Amino acid sequence: MSVSTLQKPSLVTRLKSGLGAPICLTWELTYACNLQCVHCLSSSGQRDERELTTVEAKRVLDELRAMQVFYINIGGGEPMIRRDFFELIEYAVTPANGADGIGVKFSTNGAFIDAANARRLAAMNYLDVQISLDGIDAATNDAVRGAGSYKMARRAMDHLAAADFGPFKISVVATRHNVPQLDQFKTLADSYGAQLRLTRLRPSGRGADTWGDLHPTQAQQREIYYWLINRGEEVLTGDSFFHLNALGDPLPGLNMCGAGRVVCLIDPIGDVYACPFVIHDEFHAGNVREAGGFARIWRHSDLFTSLREPQSAGACASCGAFDACQGGCMAAKFFTGLPLDGPDPECVIGNGSTALAVAVGVPVAVELKPRPAADHSKHARRVQ
Ligand code: SF4
Ligand code: SF4
């Protein structure tokens with residue numbers, strides 16, 4: 001190995017120190033949603049009066065274009081509920097001022113994808129659609145996403161296929177109840193010429209209350225790992241399962257926590273958080289309405305600067321698997337009340353469950369367990 005190779009920082013090291021622009025920016029357009037999924041990471045349901053206007057949202061897109069953000073993930077709530085949804089995504093993907101368009105991938109429950117909207121989406125470039133589905137049948141899916149949501153999602157898939165959209169994504173949150181259905185999800189995706197995306201259930205938003213019942217068992221964690229290893233690049237996972245790398249070879253995908261380094265969230269009212277799963281004051285970096293906008297927050301906020309510093313391995317330092325699993329997901333630890341420099345609650349060698357048992361054994365720790373910043377659920381009081 002040459003000296004110059006030795007001196008070059010690895011890709012992970014470079015990503016950990018942050019990039020000039022996020023490579024995985026999620027923008028939740030609204031807290032409004034026609035559904036009320038029990039694991040919703042943003043506790044969506046009702047629109048917030050403070051949501052960005054069309055003009056403000058376009059200003060943010062101009063800024064992202066100037067920063068050369070390559071693509072954005074749009075979500076919600078249900079983003080298609082916004083009346084200016086098509087106006088905004090068309091604005092994003094259209095080249096302007098000598099700069100390329102911004103690719104858009106948006107997540108939807110499918111309620112508003114009828115035949116006409118499917119054709120409109122299929123006619124656009126730089127656009128990808130992810131339909132959420134958490135069960136291979138109505139019973140499994142609707143128990144989590146609500147009555148009628150399975151049918152709604154399948155109808156949207158049928159419309160996209162009929163409109164020749166191409167390989168859209170089917171996005172599945174892995175739960176205790178659907179892990180036995182992994183092969184069937186893959187068969188379903190293949191039948192549409194779609195791509196399967198499997199994501200991890202985090203205890204964020206309403207998921208804080210349902211995680212205990214829904215998160216996969218230790219045996220299922222192993223099942224997910226070996227199932228994914230056998231599928232290679234065929235199944236997308238983002239940064240969902242790098243905590244499972246402690247079991248052996250690394251899975252494809254982003255094998256580190258990118259929060260504030262390559263990942264961040266802009267929420268519907270313009271607040272910027274380190275990642276979509278940490279909507280809490282502790283991970284709030286600023287608001288796009290402030291002077292300097294998003295670029296200042298991304299490049300100079302105290303929070304993001306500190307997240308780009310080397311992090312302590314803490315209680316995981318003595319674990320032989322630390323380099324592979326990096327101690328797991330910050331959001332999963334935070335919302336289960338575990339220390340950020342300790343093991344992930346789903347640590348595959350069991351250290352997370354031990355830490356959780358200690359935490360739940362101490363009443364004060366349960367009371368102090370962090371709660372999401374705001375609740376936009378339909379039963380909740382409207383946020384002013
Ligand atoms: S906190 Fe978890 S979900 Fe958020 S970027 Fe890090 S690993 Fe991903
Ligand atoms: S103890 Fe920490 S580093 Fe080791 S496998 Fe568990 S979470 Fe990963």
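**From a loop residue to the ligand shells**

Leaving aside residues up to four places away in sequence, Tyr-126 touches Val-93, Gly-101, Gly-103 and Val-104. The model is a predicted one. Tyr-126 sits in the loop between helix H5 (115-122) and S4. Between the C-alpha atoms of Tyr-126 and Tyr-91 the distance is 12 Å, with 35 residues separating the two in sequence. The backbone of Tyr-126 has a phi near 55°, a positive value in a residue other than glycine. Most residues other than glycine have a negative phi.

Strand S4 (residues 127-132) pairs with strand S3 (residues 103-108) in the parallel sense, over five bridges. Within this pair, Lys-105 stands opposite Asp-128 in S4. Both strands belong to an open sheet of nine strands with mixed pairing, ordered S6-S5-S4-S3-S2-S1-S7-S8-S9. The edges are strand S6 (195-200) and strand S9 (284-287), each of which pairs on one side only. On average, neighbouring strands of this sheet are turned by 25° against each other, direction ignored.

Strand S2 of this sheet brings in another backbone feature. Gly-77 is found in the loop between strand S2 (71-75) and helix H4 (85-93). The peptide bond from Gly-76 to Gly-77 is cis, and its omega is near 20°. Most peptide bonds are trans.

Next comes helix H8. Which residues of helix H8 (residues 182-192) are buried? They include Leu-182, Phe-185 and Ala-189. Seen down the axis of H8, the buried residues fall within an arc of 60°, so they line one face of the helix. These buried residues pack against strand S5 (169-174), S6 and helix H10 (218-231). The face of H8 turned away from the buried side carries Asp-183, Thr-187, Asp-190 and Ser-191, which are exposed. Just after H8 comes Gly-193, with a positive phi of about 70°.

A further positive phi occurs at Gln-326, which is not a glycine; the value is about 60°. Gln-326 lies in the loop between helix H13 (322-325) and helix H14 (330-335). Is Gln-326 buried or exposed? Gln-326 is buried, because 22 other C-beta atoms lie within 10 Å and 20 or more are enough for that class.

The two ligands remain. Around ligand 1 are Arg-202, Asp-239, Cys-257, Gly-258, Ala-259, Val-263, Cys-275, Phe-277, Val-278, Cys-329, Met-330 and Ala-331. By class, this shell has nine nonpolar residues, one polar residue and two charged residues. Ligand 2 is surrounded by 14 residues, of which the closest are Cys-316, Cys-319, Cys-325, Pro-343 and Cys-347. The shell around ligand 2 comprises 10 nonpolar, three polar and one charged residues.

Methods:
Residues numbered from 1 in each chain as written. Chains lettered and ligands numbered in written order. Predicted model: local features only at pLDDT ≥ 70, side-chain atom pairs only at ≥ 80, totals over all residues. Near = placed C-beta within 6 Å. Nonpolar A, V, L, I, M, F, W, Y, C, P; charged D, E, K, R; others polar. Pairing = 2+ DSSP bridges. Helix = DSSP H or I, 4+ residues; strand = E, 2+ residues; numbered from the N terminus. Axes fitted to C-alpha atoms, helices over the stretch in contact; angles between N-to-C directions. Contact = placed C-beta atoms within 7 Å. Buried ≥ 20, exposed ≤ 12 C-beta atoms within 10 Å, placed from the backbone. Arc of directions from axis to C-beta.
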